[in-house]
Amino acid sequence: MDRMEEYNMLLNELGNTPRAVDDTVVRAKARLKSRSRFYRFFTFPASSLAAFFIAFVIAVNLSVPFARACGRLPLLQKLAEAVAFSPSLSAAVENEYVQPVGLEKTVNKITMRVEYVIVDQMQLNIFYTLNSPVYTNMDAAPSISLANGTPLNGYSIAGGCNAKNGGLCCFTVDFADGNMPEGIILTCKVRGKGGDYASAPTMADTVSKPEEYAGTEPASVFTFSLAFDPYFTSKGEIITLNKSFILGGQRLKATEVEIYPTHVRLNLEDDKGDTAWLKSLVYYLEDEKGNRFERISNGVIATGSADSPMMNSFRLESSFFSKSKKLTLYITGAVLLDKNMERVKVDLAHKAASALPEGVTFDEAVRKGGGWDLAFSGIYHKKDEFYQLFYTDYYDGDGKKRSYEGFSSTTARFWDKKTQKYVEKPDAFQVCFKLTDYPYDTVYLCPAFSRVVTLDQPVVIKVK
Amino acid sequence: MDENEFAARTERLKARLYRIAFLYLGSENMAVDAVDEAVYRGLKALKKLRRPEYFDTWMTRILINECKKELRRRKREQPLDVLPETAAEEFDPLPLREAVRRLPPQLREVVILRYFAGYTLAQAAESLGIPQGTAVTRQRRALSILKLEICEEA
């Protein structure tokens, strides 16, 4: 048999497609349906992450009803202080929407106590303390599973704290989809600064960076079984909107508003014909009493589905306890990523780009150690608020995907050749990152946005 | 493109996808798994497909990526000797299927797409993200190593 006969035989053999291939589309659809709700991604406001890591002690007595609530429930005083940064959680405490837990365990000279939860259909806030005679500061890494041990998907956990021994800390578990289970197993791996008793720091020490917590092995591992009162986990209201509007030339539809005690979700859909992806939204709700519910101050602020670059669900502070009879949604702006700018070609050798996001300038491209050091600057949209200019994935000329490890943001300053001095630009910030092991002169970067839209007249949608 | 159109176009394409995966991976089960994974990933990423006319080459790229991923994984577990282009005589005693699998990756992928999946030169080049001239050079080299004399299309 010669090679051509062999070739024809192989072609015949390959012509017999196995029956298992017949249902490949059906299987893909079923898989997508079952997994789509689990694979969401989350964005957090930098300020809220910071908020979790900074101990908050705010004068709760500024609010009369708040103080009254604390007076009725003296045990909630510490909790009221801990949630003072969050209007939604403060309202929950004020309305005694708190489930006491009171579980405590001691492992390896660290005591963890779960004091309270604030829970609804979609969000769980776990308040806990850590105490130790040998560690001044402890770092807890949480994970959760169902009560029967089954791993949970489709949630994010933010939190931790830098409180001294006994300070009240919080984890926030946010479910993108699916209802709150009846109970969970909380597992916490706790590391102490110093890592072992011999090198335990003095009480005067403070910890500001996670890497200061020594060792990879936790000092203690805790598990708590938490059961939620159905009174709390059933709370929530979904209002269907289905109102279309145009924003930045894009046709969007506000599909529904979900109102929970801990937050409000505004869900949107885009149109197939849209030329840009919605990345962020400027919005608020207002009730008939003039109460405004702004973008949420803690935890997740927006989510998107895994199969689209669009962010399609946005969070607001909760109106749940305001007993609002009427609610109106105001959309005043947006951040968009034009679809033709998902990748932009950047000529590194000549410091030029085919396109850049609005307000962004290409400051520097320096060949260094087999790669490039890049610097871009952007303008502040809010005072001193940095934002991401480019996603970390980038592509070479052959379309091969690479990633840079991280970027730094600093106040922008530029070298003035005439004066031979640095010039500070107070209205701008600079983002620097490295393309390591990148010998080429051209790179394709992926902007995080392309333009910012500010509406003269807000989009107004009646919610109820 | 909506899900129904995706399903219809994938139905027409699936036999080709299977042939490609089979030649890459050399096993029916693994080929079916790779096609399943590629179809799932294609469906999930459907909104990113800006030009439906490139659906076939887009799906093929996804499949090739899945096959390469599997090959990388297997390489770690049980390395397969890929023969260098210069070792033409070592290809002679190998059955054609095995010889194709032992081709250097860049030659193998062109040959699979062109002569086993029935892609045109332009489609093969598009699927692999290479210029047509490069595809021509690679396919000539591959055919020469495999001792296959297949008439070129116009």
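Which residues does A:Leu32 touch, not counting residues up to four places away in sequence? I looked this up before anything else. A:Leu32 touches B:Tyr40, B:Leu43 and B:Lys44. I keep in mind that this is a predicted model.

**Entry: A:Leu32**

I located A:Leu32 in helix H2 of chain A, which covers residues 24-36. Buried or exposed, or in between? I counted 18 other C-beta atoms within 10 Å of A:Leu32. A residue needs 20 or more to be buried and 12 or fewer to be exposed, so A:Leu32 is partly exposed. I also noted a pair within chain A. A:Leu32 and A:Asp307 stand 275 residues apart in sequence. In space their C-alpha atoms are 9.7 Å apart.

**Entry: where the chains meet**

I then turned to the contacts between the chains. On the chain B side 29 residues take part, and on the chain A side 24 residues. Which elements of chain B give two or more residues to its side? I found helix H1 (3-25), helix H2 (28-44) and helix H5 (96-102) of chain B. The chain B side holds 16 nonpolar residues, two polar ones and eleven charged ones.

The predictor gives the complex an ipTM of 0.81. The pTM is 0.59. For chain B I read a mean pLDDT of 81. In that chain, 84% of the residues reach 70 or more.

**Entry: helix H1 of chain B**

I compared the span of H1(B) with that of a straight helix. H1(B) has 23 residues. At 1.5 Å a residue, a straight helix would reach 33 Å. The end C-alpha atoms of H1(B) are only 28 Å apart. Where does H1(B) bend? I found a bend of about 50° at B:Leu13. Just after H1(B) comes B:Gly26, with a positive phi of about 75°.

**Entry: chain A overall**

I looked up the make-up of chain A. It has seven helices and 27 strands. Of its 464 residues, 32% count as buried. I also looked at contacts in chain A with a separation of 6 or more. Residues 24 or more positions apart account for 68% of them.

**Entry: a four-stranded sheet**

I traced one open sheet in chain A. Its four strands run in the order E14-E13-E17-E27, with antiparallel pairing. Which strands are at the edges? I found strand E14 (292-293) and strand E27 (451-462) of chain A there, each pairing on one side only.

Next I followed E13(A), residues 276-287. Eleven bridges join E13(A) to E17(A), residues 327-338, and the two run antiparallel. I noted two facing pairs. A:Glu286 stands opposite A:Thr328, and A:Tyr283 stands opposite A:Ile331.

E13(A) also pairs with E14(A), through two bridges and antiparallel. There A:Leu285 has A:Phe293 as its bridge partner. The hairpin of E13(A) and E14(A) has four residues between the strands. In this hairpin A:Gly290 takes a positive phi near 85°.

**Entry: strand E3 of chain A**

Why is strand E3 of chain A, residues 110-119, largely enclosed by the rest of the structure? I found that eight of its ten residues are buried, so the rest of the structure largely encloses E3(A).

I looked at the partners of E3(A). Strand E2 of chain A, residues 99-107, is joined to E3(A) by seven bridges and runs antiparallel to it. A:Leu103 is bridged to A:Val114 in E3(A). The hairpin of E2(A) and E3(A) has two residues between the strands. In its turn, A:Asn108 has a positive phi of about 55°.

E3(A) also pairs with strand E4 of chain A, residues 123-131, over eight antiparallel bridges. One of the pairs I noted is A:Thr111 with A:Asn131 in E4(A). This hairpin has three residues between the strands.

**Entry: two lysines with positive phi**

I looked up two lysines in loops of chain A. A:Lys323 has a phi near 55°, a positive value in a residue other than glycine. It lies in the loop between strand E16 (311-316) and E17 of chain A. A:Lys323 counts as exposed because it has 8 C-beta neighbours inside 10 Å.

A:Lys351 has a positive phi of about 50°, although it is not a glycine. I found A:Lys351 in the loop between strand E18 (344-347) and strand E19 (352-353) of chain A. With 13 other C-beta atoms within 10 Å, A:Lys351 is partly exposed.

Conventions
Residues numbered from 1 in each chain as written. Chains lettered and ligands numbered in written order. Predicted model: local features only at pLDDT ≥ 70, side-chain atom pairs only at ≥ 80, totals over all residues. pLDDT = per-residue confidence, 0-100. Contact = placed C-beta atoms within 7 Å. Nonpolar A, V, L, I, M, F, W, Y, C, P; charged D, E, K, R; others polar. Pairing = 2+ DSSP bridges. Expected span 1.5 Å × (residues − 1). Bend = angle between axes of the 7 residues up to and from the residue.
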